[in-house]
Amino acid sequence: MLPRLESIKQARMKIGLTQQKLASLTGVSTSMINQIESGRCQPSYATARKIFEVLWSLESQSSTKAGDICSKEIAKLKAQDSLHDAIKKMQELSISQMPIFEGLDVVGVITEDGIVKHILDNDETERKRIKISEVMDPRPPVVDYNTPVKTLVSLIRYSKCVLVSKQGKIVGIITASDALKLVD
């Protein structure tokens with residue numbers, strides 16, 4: 001027995017699939033998928049079964065975890081480092097944000113946007129005196145290594161980066177560019 005047809009749209013959206021992509025994968029038209037989802041069409045049992053099989057298959061494949069996509073090498077600075085140190089390291093590594101640590105604890109993040117706000121007001125000598133702790137943004141969100149990637153989309157939207165922890169230790173970082181790797 002198949003699930004109710006009304007659940008197709010919800011299942012499709014849950015895995016981030018467009019009607020067009022679902023239609024392509026199932027061999028039916030986009031118009032047919034639209035009509036089924038809106039209740040204007042009753043597909044044959046074979047068509048409905050094919051749609052659900054594709055959705056189930058994709059749902060089981062989409063179990064990518066935060067630990068699977070995070071960058072394992074984390075560039076870091078200390079809160080007492082200077083703004084000049086941050087600029088130099090970020091340019092050297094071609095990165096746009098970097099977590100700030102005090103010992104093993106993340107205390108904030110420095111971003112290109114945050115730096116730009118302070119560059120305009122200060123010369124190089126002043127930038128060497130300004131401590132990162134004075135200009136850093138609040139600590140970015142930290143998620144567990146096994147957190148499903150799907151749940152990270154909204155975090156990346158509101159934060160420049162997300163840190164990944166395993167057994168309480170920070171082991172990776174996910175940025176917007178890492179999240180873009182998931183888009184086909």
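1. β2 supplies three residues to the lining of the second largest pocket, the most of any element. Strands are DSSP runs of E with at least two residues, helices runs of H or I with at least four, numbered from the N terminus. β2 (97-102), β6 (169-175) and α11 (176-180) each give at least two lining residues.

2. This is a predicted model, in which local features need pLDDT of at least 70 and side-chain atom pairs pLDDT 80 or more, while totals for chains, interfaces and linings use all residues. Residues are numbered from 1 along each chain as its sequence is written, and side-chain values use heavy atoms, without hydrogens and water.

3. The volume of the second largest pocket is about 260 Å³. Among its 15 lining residues, Glu73, Ile95, Gln97, Ile173 and Thr175 are the closest to the centre. A pocket here is an open set of points on a 1 Å grid where a 1.4 Å probe fits, with protein on both sides within 12 Å along at least five of seven lines; lining residues have an atom within 4 Å of a point.

4. Of the 15 residues in the largest nonpolar core, Leu5, Ile8, Leu22, Ile36, Ile51 and Leu55 touch the most other members. Such a core joins buried Ala, Val, Leu, Ile, Met, Phe, Trp, Tyr and Cys residues through side-chain atoms within 4.5 Å, buried being under 20% relative accessible area with a 1.4 Å probe, protein chains only. α4 (45-61) is one of the helices that supply at least two residues; α4 gives the most, with five.

Definitions and conventions
Points joined across faces, edges and corners; volume = space filled by probe spheres on them. Buried < 20%, exposed > 50% of the residue type's maximum accessible area, 1.4 Å probe, protein only.
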